[in-house]
Structure formats: structure tokens, C-alpha cells
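Subject: Structure handover

Hi,

Here is the structure I promised to pass on. Please open it and keep it beside this email while you read.

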Amino acid sequence: MPVTVTALASALSAIWLATSAVAVVRGTGKRVELDGRKVARFSVLCFAAVAYVYLMSRIGFFTTTILVVPALAFIGGYRNAKVLVAATIGFVVVLYGVFRGLLSVPLPDDLLLSLIGG
Amino acid sequence: MEIFSAIASAAPGVFTIPVIIAMFIGTVVGIGVGALPGLSATMGIAVLIPLTFSLEPLVALGMVAGIYNGAMYGGSIPAILLRIPGTPAGIATVFDGHEMAKKGNPKLALDISLVSSSLGSAVSAIALLLLAPPLAAIALKFGQADYFWLAVFGLTAISVLLAGNPVKGFLSACLGLFVGLIGIDALTGNQRFTFDTPDLLSGVNIIVILTGLYAIPPAIDLMTGKAGIAAGHIDVSGSRAKFPWHTLVPVWIRSSVIGLVIGLIPALGGNIAALLAWNEQRRWTKNPGAYGTGEPDGIAAPECANNADTGATLIPALTLGIPGNAVAAVVLGALLVHGLRPGPELFRANADVVYGFMLTMLVTAGFMWVIGKFGSRLYVNVLRMPGKLLGPFVLGLTIVGVYSIHNSMFEVWLMLGFGALGFLMERLAIPTAPAVLAVILGPIAEESLRRALLISGGDMSVLLAGPISWMLAALTIIAVLSPLWKAIQSRRAARTGAEAS
């Protein structure tokens, strides 16, 4: 089975490569144009998402959420600061209630909770 | 009679406070998820499954039923009010729904959509309750070779039908087959693609790949502003027009049948059912020219059909363990998380849970009507929710949800990796559904093939020993050859067109 799947995937990739090459030579392929600003914003968002997961294991989920969620929304282009702060706090409170209070999930040690004695 | 006694035995479990609350919350969330463009029932259930991990199976499944039914109706709200379908299944509702809203009757359009959706869901749930148990009894007669062909047929049909380019569909299926192979081989005990990583020894959890592929790409789209809408002032008051009950009854009957039949066929979904129902309704009427101008039948037909599809899609999924589309695969994922293995045995071993789940599909159809009737203004506010704010919340919820399954950071990283892969696949027009289905169907096909060969002592003819195997093998060949047939037909049509001009 592993050999069959690998062989099949390789054959399909080869077919796709060949048809794409033919399309490029004939000029019938779809032209991909990248907007530099959008690519930069996308890259920063991806970096922030990776940082979210990394920081979660270091300083805890709730602390990371308070830092990263507003940052992600800001990078995305959201600028209403009051709504951003209120929504983030509300989101963290709801998650705390569900995951700590209701489900008792043992999340990584949290910096913020240890500071406020939670 | 056995079916009715099983239903009666499961009913008390459904009408308990936790299950009722779960169904209510699921329906409220489902309508909201469906109303927001960029979010779908598949994504809603995928995000929710990890959160329901520690709940009782029926409580979790009640919530899943609510989301599934609710999202189908929710998609019609922006379709009617803003001309933007919230889900693909809401596309056909735009044609007449938005026109009726523009004429000053948004409330009537929403009411027709709500009643039609609720009726479609109820018919679908009843069909699920009545058809699934006999089909499960038939499935018990399936041999190992039949199961092998069934899995191969399901995978082939979905790979071919879901992708514009079948090569990309099969490539996606290969990715899923590869993921399904990871872990310890159950028959030989050998490690496969584990790369000496202890976290991979038990394989990749289906929920990790589901949330990665279905929750992360929409979250990225929301954050980058590709999804979501800028809804300004929306008026849902409208005139007090009379609800056209008498003219809609035949429309509901016809559309329910269309939705049920489409739901049973692999790879088709609510969007196909809705478009087909709208078109059939136009063909049946004496005044087809009125369609697309705000005709009540033109709203009722697609909304009834796309909801009638929901329960029907689950019939092959629950009875055979073969999901016909992405949302059925996600529902199977929800069952697997709670230790319930879909297939004919499920109806024997966990009758109360499976019948209870089917009953929740029926009850949530009623909840949907109540919530939609009294909460339409609330959902108009949901449309105003900024996507750039919602995206990070979806990401956060997904991360903590996946972590909570096994308290594993490795699975969170894996989910993020699948998310990136899913985003890339979407940009390359590679469908993600065949990959998810292959994760479920691949191991079924492999296990059945190896068992059939073990029993026959390696004799390959066992694969075509029975009529069911023959039929499924023939259907698989037809599915593989269908793109060729389509290409020949379109080339012939183009040539005829060129000659005519």
C-alpha cells in the first residue's frame, strides 16, 4: 500500500507537471500575479500564527491569546481599538470558563493566571 | 416495527436537559456560521468537535446535528438580504430571494426560506430514521471484497466529481491515503511513515487533519479580508404579505425528493440539490419567465432541497461508514472521537446513540424554525461582524480545541501544518474533501483487501466473487472514465458549434 500510494502520487504529479508545461508553452495557462503588499501581510499573519502556537507552550494559552489575537486583527487591518480590546477580553473569559471551568483541560502553565493567582 | 421500538428506546435520551441545551446551542451557532460568508457547516463542526470531546456522545452529536441543519438555513440569510450566499448551498436562493427582498418583502423571503428549510430538514431526518436501519441490515451481508470496492468507489467518485481536474482530485486523495498510512500497521506491527516520532505511532488523529484543512484556510481568508462582508443598513421589516402556503406544498414535496436523492449520491451536496430543485421547479411551472424576479417557489425549492440533503448524506455514512462528502466525513470524525465506529455494527452495538443522533436531526429541524422565527434580527447583526476580528478568534478556538483532545502540542503543530497545506491546496484549485475522505476510506480499503486475500489464501479472484463486488467495480470504472466521456462530448459540441457558425 505505501509503495502503491507513493507511485500513484508520483505518476499524478508527473501528469500535472506535463500538462502545466504544455499550457505554459502554448500560452494557455493562467498567469499568476502576486501583489507584494498582500504577500507581505500574509507572511506576517503566518508568522504570527506560528508565534501563537510557540508562545502558548511557553507563557500559556490565555496570555498568548491576549497578546496575539489583537495583533493578528491589527495586522489584518482592523482598527477599532475599543472593540478589539473588549472582544479579546470577552473571548479569553469565555475560553477560560469553557476550558478551565467546564472541561478542566490541563492547559500549559499560564503567566497571566499565575500573576493574578488563577 | 423494530425501527419504531429502537426510536422509542432512544427518545428518552434525546429529551434530557443537556441534550436539549446542546441542540439549541448547536442550532443557534449553526445558523450564525451559515450566515457568515466564508464559514460553512463543515468548518463549524470541525472547530466544535474538539470542544465536545469530554461531553457525553449524544450531547456532542446533538450539537453537531444543530450546526449541520442550522448552517444550511443560515446560508440563505445573506443570500436574501445581501445577494451573497453564506454557504455554497445558498447560491440558488439568491436568484429569487434577493429579488423579493429588493421588492420590499425581505421578511416574507426569510420566512419562506425558514419554513422550507425546516420542512426539508424534517423530511430528511425522517428518511434517515426509516432508511438507515434497513440499509445497515443489508450492509451486514457485505463481504470484505465488497467493502474494498465500496471504499474504492466512494474515493474514486469523489476525486473525479469534486475536482475540475481529476488529476488534482486523485492527488488530493493520495495525500489522504498517505496520512491514513501513518502509524503502526495493525496486521504486521510495522511502523509506517512515523520517522521515529513517538507521537506518530498511533497515526494522525482525524480531527487534527479535519480542523487543519477546514478551519485554518477560512480563518486566514477572514484575517486577510478575502471573506466576510461589509453589511451596512439592512431592513428586515417589509410588508405584511400573506404566506403562500397552498402554492408551496407541491414545491416542498418535489424539492424534498430531489434533496433526498442527491444526498444519497457520493460527491454531490446541498449546492447541487438546491440548483437542481430551482431548475426543476422552473421547468414544472407554467410561467418560467417569472423565476429570478422574486417568485416564492424559487426560494422554497432550493431551501427545501438543500436541507433535505442533510440527513440523506448521513445514510451511507452511518450505515456503511462511507462518507459521501466533506461534511459527512466531519460528522464521522465526531462519531470516531467518541469511540463510535460507523458501519452496520453501530446500529447493534450503540443503537441508543445512533438512533438518538438521528432523532436530534429531526428535533433540530423544529428548533431551527423557532430560532429563525424569533431571532432573524439577531442574525442580521451577525452579518455585521467584522471578518478581520473573527479570523483570529477562529484560530485561537481551533488551537485550544485541538490541544484539548490529547493535551498534545505536537498535534497543534500538525494541525497548523495541515492548515497551511489546505490553504495552498485551495489556491492551487486542489479539492481538500478527497484527502479527508481518503483518511477514512484508505484504511477501510486496505484492511478489507488484506483480509479478503488472507481468507482466500492470496487468490485475487476473491475480489470479484460476488455480484455486489462486480457492480461496485463497474461503477468505479465508470467513475474513472467519466471525465474522458465528458471531454469527448464537449469536444464534439465545440466542433458542431464551429461547423454551424
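With which side chain does the side chain of B:Asn307 make a polar contact? The partner is the side chain of B:Ser121, at 2.8 Å. Bear in mind that this is a predicted model.

Stay with B:Asn307 for a moment. It sits in helix α13 of chain B, residues 296-320. B:Asn307 counts as buried because its relative accessibility is 0%, and the cut-off for buried is under 20%. Leaving out residues up to four places away in sequence, B:Asn307 touches B:Ser121 and others, including B:Asn69, B:Tyr73, B:Gly120 and B:Met368.

Next, the salt bridges. The whole structure has 11 of them over all chains. Start with B:Arg192 and B:Glu446, whose side chains meet at 2.8 Å, N to O. B:Arg192 is in strand β2 (residues 191-192) and B:Glu446 is in helix α19 (residues 433-456), both of chain B, so this pair ties together parts 254 residues apart in sequence. Both residues are buried.

B:Glu446 has another partner. It forms a salt bridge with B:Arg450, with the closest N and O atoms 3.0 Å apart. B:Glu446 is buried, at 10% relative accessibility, whereas B:Arg450 is partly exposed, at 22%.

B:Arg451 is partly exposed, with a relative accessible area of 38%. B:Glu447 is partly exposed too, at 34%.

Now the interface. Here 38 residues of chain A are in contact with 38 residues of chain B. The buried area is about 3400 Å², and carbon and sulfur atoms give 88% of it. On the chain A side, A:Met1, A:Trp16 and A:Val53 lose the most area to chain B, together 19% of what that side buries.

How many salt bridges are there between chain A and chain B? The count is zero. One residue pair is in polar contact across the interface. Helices α1, α2, α3 and α4 of chain A each give two or more residues to the side that touches chain B. That side of chain A has 32 nonpolar, six polar and no charged residues.

Best wishes

Note on methods:
Residues numbered from 1 in each chain as written. Chains lettered and ligands numbered in written order. Predicted model: local features only at pLDDT ≥ 70, side-chain atom pairs only at ≥ 80, totals over all residues. Heavy atoms only, no water. Contact = heavy atoms within 4.5 Å. Buried area = accessible area lost by both parts, 1.4 Å probe. Salt bridge = Lys/Arg side-chain N within 4 Å of Asp/Glu carboxyl O. Polar contact = N/O pair within 3.5 Å; in protein donor to acceptor, adjacent residues only side chain to side chain. Helix = DSSP H or I, 4+ residues; strand = E, 2+ residues; numbered from the N terminus. Nonpolar A, V, L, I, M, F, W, Y, C, P; charged D, E, K, R; others polar. Buried < 20%, exposed > 50% of the residue type's maximum accessible area, 1.4 Å probe, protein only.
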